[in-house]
Amino acid sequence: MAGLTDASPEGHAGRAALLSARNLSKSFGALRVTQDLSFEVGRGEVFGVLGPNGAGKTTVFNLISGDIAADVGAVVLDGQDMTGIPAFKRAAKGIGRTYQIPRPYTQMSTFENLLVSATFAGQMRGQAAYDHCATTLDECGLGDKANRPAGSLTLLDRKRLELARAMAGKPKLLLLDEIAGGLTDGEAKDLVTLIARLRDRGVTIIWIEHVLHAIMAVADRMMVLSFGEKIAEGKPDAVMRDAEVRRVYMGIEA
Amino acid sequence: MTDPHFATVHRHTSSSRIAIGCGLLLVLAIPSMPFWASSGHIRWAVELGCFIAIAQMWNLLAGYGGMVSVGQQAFIGLGGYALFVLVTLFGVDPFLAVPLSVILPALVAAPAYMLLRRLDGPYFAIGTWVLAEVLRLITSNIGAVNAGSGMTLKAMAKYSAHQREIGLTLLVALLLLLTVGGTYLLLRSRLGLALTAMRDDAVAASSQGVNVGRMRFSVYLLAAVGTGLAGAIYFMAQLRISPTSGFDPNWSSICIFIVMVGGIGRLEGPIIGALLYFFATRLFGQYGSAYLVVLGLLTLVVAIRAPTGLWGLMTRLRPWPWFPTGYILTKG
């Protein structure tokens with residue numbers, strides 16, 4: 001383990017942890033995708049997750065959101081143990097997520113995609129839900145495509161829709177899975193601004209991303225995974241200077 | 001912070017107002033048929049109404065719930081047999097027995113779902129078929145319901161032909177209001193939003209707070225009740241039921257044809273499909289198996305070339321929905 005000390009979220013502006021992952025392990029057959037992984041994310045923090053392909057980053061999201069159950073370990077949100085709680089209840093308790101490969105409701109309109117999330121995850125109704133969804137669409141740059149079927153959107157817009165739909169559920173904890181891939185520099189900058197704005201509203205964010213300049217610009221802390229294990233955690237600059245990270249993730253021999 | 005938007009949402013179009021108005025008038029006109037239409041036409045209306053209802057329930061189950069069943073005849077037969085048993089063995093008035101006939105399908109559907117939900121995709125389909133066959137075999141071996149030779153609704157003799165027609169047409173109008181109208185209202189409600197999302201992507205829906213398991217159970221139960229009601233009415237009109245007619249696998253072929261050709265996952269689809277099936281059968285039924293081959297080929301061609309069915313093609317030409325369930329955003 002790298003000798004990075006600033007690993008506790010309490011170290012970040014003294015905030016209590018919103019999410020603790022405790023000793024999570026998950027295997028698919030003989031393949032161990034997550035091995036005894038523990039980390040905490042403080043309230044209002046942007047927490048970056050890095051790692052080479054196949055490091056088990058998305059699996060960690062699936063374990064937090066409840067899409068799959070951990071073999072061992074616990075996910076604790078806001079002091080409440082989420083183990084055994086199904087995904088749909090976790091969504092209503094404030095865990096919102098995006099999918100790396102977008103999963104829009106293709107035959108529903110973009111606006112209706114958000115409405116599902118606002119209604120069931122966000123538990124809003126009627127005019128309040130409509131207003132929230134319309135505002136969120138505008139914030140994510142989809143305002144002029146509100147009534148288009150989501151299936152007709154380009155890949156880039158589908159990624160925007162993933163973020164918008166997760167935001168529509170008013171999550172406390174937002175899990176973003178590679179939403180900056182394929183963006184131009186200008187678009188990535190807008191995305192970083194949007195994520196910083198969400199954080200300022202009190203949303204806690206965990207962001208898996210390969211676009212380093214984007215995540216470095218906004219992450220408060222980061223962790224790096226390799227073969228399902230945490231190899232580094234701490235402030236972004238410190239993590240990127242770590243010899244093990246440079247070797248495993250960037251392929252640079254120190 | 002951004003200003004509040006005061007979004008305005010429209011849920012109806014001019015085409016839907018006209019279509020719903022015409023639809024209601026048509027349904028309300030059915031009970032008046034005994035006063036002006038011939039007995040043959042009334043029989044047609046009853047049969048067509050039952051087809052629309054059964055297909056709409058299959059559409060709810062397969063098109064929205066994602067549960068492709070090839071065994072809905074289980075509930076047609078159960079609804080029919082419940083009616084005949086209530087009337088013949090318990091002396092209940094036939095017209096009163098029809099609404100009571102949905103209890104048996106519901107009582108069988110609930111535990112059946114607990115078993116079937118463990119099966120995925122093709123296994124689920126096979127499971128539903130097995131259930132229907134098991135029910136057929138059990139019925140064929142119960143002496144109290146005349147086993148394989150079936151039952152006759154002799155109690156209907158106490159009503160005149162005219163009274164029977166009035167009763168049947170009222171029941172069919174009610175059936176259409178409940179199955180088509182009820183599904184429409186369900187789909188426009190909060191639960192409809194969840195169902196429509198599930199239809200498109202059940203995994204994403206559950207990650208956004210939709211209780212997919214409970215929705216599927218409710219849909220299975222509702223479909224069983226609606227199908228059972230249609231079965232009771234259909235066999236009341238026939239005056240006879242047997243295990244082979246009640247639990248006939250052909251019902252599933254009819255459902256699949258009507259919904260696939262009409263347009264799956266759309267309310268309008270089963271109506272168009274049922275009209276097509278019904279009139280095609282009246283016109284070409286005399287050609288027997290050659291006609292069935294053509295129907296089968298038509299289903300294949302539509303499934304491959306136009307998976308959204310005839311309704312999908314019509315929508316592409318003119319986007320004029322009859323029963324819109326969506327939310328159109330206009331900013332005020």
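Chain A has nine helices and 10 strands, where helices (H or I, at least four residues) and strands (E, at least two) are DSSP runs numbered from the N terminus. This is a predicted model, in which local features need pLDDT of at least 70 and side-chain atom pairs count only at pLDDT 80 or more, while totals for chains, interfaces and linings use all residues. Residues are numbered from 1 along each chain as its sequence is written, and chains are lettered from A and ligands numbered from 1 in the order in which they are written.

The C-alpha trace of chain A spans about 50 × 40 × 40 Å along its principal axes. For 254 residues a compact globule would have a radius of gyration near 18 Å, and the 18 Å of chain A therefore agrees; this radius is taken over C-alpha atoms, and the globule rule is 2.2 Å times the number of residues to the power 0.38. Of the 254 residues in chain A, 52% are buried, a residue being buried if 20 or more other C-beta atoms lie within 10 Å of its own, exposed if 12 or fewer, and partly exposed in between, with C-beta atoms placed from the backbone. Among the contacts in chain A with a separation of 6 or more, 67% are between residues 24 or more positions apart; two residues are in contact if their C-beta atoms, placed from the backbone, lie within 7 Å.

Chain A is divided into domain 1 (9-94 + 171-248) and domain 2 (104-165), with bounds that come from an automatic or database domain assignment. The centres of these two domains of chain A, taken over C-alpha atoms, are separated by 24 Å. Their contact takes six residues from domain 1 of chain A and nine residues from domain 2 of chain A.

Turning to the strands, an open sheet of four strands in chain A has the order β2-β1-β4-β5, with antiparallel pairing; two strands pair if DSSP finds at least two bridges between them. Its edge strands, β2 (31-42) and β5 (80-81) of chain A, each pair on one side only. Strand β1 (residues 17-28) of chain A is joined to β2(A) by eight bridges, and the two run antiparallel; Phe28(A) has Leu31(A) in β2(A) as its bridge partner.

Strand β9 (residues 221-226) of chain A has five of its six residues buried, so it is largely enclosed by the rest of the structure. β9(A) pairs with strand β3 (residues 46-50) of chain A in the parallel sense over four bridges, and Leu50(A) stands opposite Val224(A) in β9(A). β9(A) also pairs with strand β10 (residues 229-234) of chain A, here in the antiparallel sense over five bridges, with Met222(A) opposite Gly234(A) in β10(A). β9(A) and β10(A) form a hairpin with two residues between them, and Phe227(A) in the turn has a positive phi of about 50°.

In chain B, helix α1 (residues 14-29) is hardly covered, since the count of buried residues among its 16 residues is zero.

The contact between the chains takes 28 residues from chain B and 32 residues from chain A. On the side of chain B that touches chain A, β1 (7-10), α8 (190-200), α9 (202-207) and β4 (328-331) of chain B each supply at least two residues, and α8(B) gives the most, with six residues.
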